[in-house]
Amino acid sequence: MYERADTSARNYAKAAEIFGLIAKSVSSETVPEETLPIWVDLMVAIRQADDLIDATLDPIERRVLKERAVSFLSDDTTDCDDTNNFDFLRPIKNYLNKLSDGKRKSFLIALKSVLIVTEEIRNIREAKMLAKLSKLEGQLTCRLLLSFLPDTYGLDQKAVIALTRISRVGNAYDTFIDLPNDYKNGEKQISPNLLNRMTVLFSTFNEVYKIFSTFGLPTEVVARLVEGVGMTTAGRKRKTN
């Protein structure tokens, strides 16, 4: 079940580095080194949670699973439920316990929103709404990542916007790539025909334009972004072959 997470750890490390490079190029603030492995652990946990949720076909069981996962992260005294094996969330729980109450609460609110959107995406049958919700899911995931920046880090609003747009585009691109396999596995209800997939892809073009026209990302960052797109595409092709 967790093969994707195990084989993609290096890709997540590179994604965290790219996030840090974007933040620095836009705000001139260097993301603390200790934040990058937290981002990697969170990305891995999100992928593992996705796999676990996708493998739970019954909607009631899926809802209970999500509630238990949030409860596990929310409650300092709650231990793992042996029947659901939330061990992969333990590093995230440990990080959360070190955050201020405000940041911890903000993270949990964003997490609950992500889970709601994820369930809506599962049942969507219209391409434009799939594109909209996929970008929203990416936006909320970005909020989860930014929760772990230390209070002393001066992330300005311009950097927040840049990282949010990158997350929105990246998540929609993942949907574009993954839709055929997700539909085959019963994880999406919308047909992966060419029109639906291109609708999702085209929905990102305006945001891509704004990213490059507004923020003037350095050549190094652009090259890393292109590399990341290539790794994502190649990884999905290997998975479906």
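Me: Which residue forms a salt bridge with E17, and how far apart are the closest N and O atoms?

Reply: Side chains of opposite charge can pair when their charged atoms come close. A salt bridge here is a side-chain nitrogen of Lys or Arg within 4 Å of a carboxyl oxygen of Asp or Glu, and E17 forms one with R224, the closest N and O atoms being 3.0 Å apart. R224 lies in helix α11 (residues 219–240) and E17 in helix α2, so the pair ties together parts that are 207 residues apart in sequence; helices are DSSP runs of H or I with at least four residues, numbered from the N terminus. This is a predicted model, in which local features need pLDDT of at least 70 and side-chain atom pairs count only at pLDDT 80 or more, whereas totals for chains, interfaces and linings use all residues. Residues are numbered from 1 along each chain as its sequence is written, and side-chain values use heavy atoms, with hydrogens and water left out.

Me: Which residues are linked with E17 in a network of salt bridges?

Reply: The network joins K14, E17, R224 and E227, and the count of salt bridges comes to twelve.

Me: Where do the partners E119 and R62 lie?

Reply: E119 is in helix α6 (residues 101–123) and R62 in helix α4 (residues 59–74), 57 residues apart, and their closest N and O atoms are 2.6 Å apart. R62 is buried, with a relative accessible area of 4%, where buried means under 20% relative accessible area, exposed over 50% and partly exposed in between, with a 1.4 Å probe and protein chains only.

Me: How should I read the packing of α2 and α8, and at what angle do their axes cross?

Reply: Two packed helices are described by the angle between their axes and the distance between the axes. The axes of α2 (residues 9–27) and α8 (residues 157–184) come within 8 Å and cross at roughly 145°, the axes being lines fitted to C-alpha atoms over the stretch in contact and the angles running from 0 to 180 degrees between N-to-C directions. Residues in the contact (heavy atoms within 4.5 Å) include F19, I22 and V26 of α2 and A162, L163 and I166 of α8.

Me: Which members of the largest nonpolar core touch the most other members?

Reply: In soluble globular proteins, nonpolar side chains tend to be buried together. A nonpolar core is a set of buried Ala, Val, Leu, Ile, Met, Phe, Trp, Tyr and Cys residues joined through side-chain atoms within 4.5 Å, and of the 69 residues in the largest one, I22, W39, I92, F107 and F148 touch the most other members. Leaving aside its neighbours within four places in sequence, F107 is in contact with L42, I92, L96, L144, S147 and F148.

Terms used:
Helices (H or I, at least four residues) and strands (E, at least two) are DSSP runs, numbered from the N terminus.
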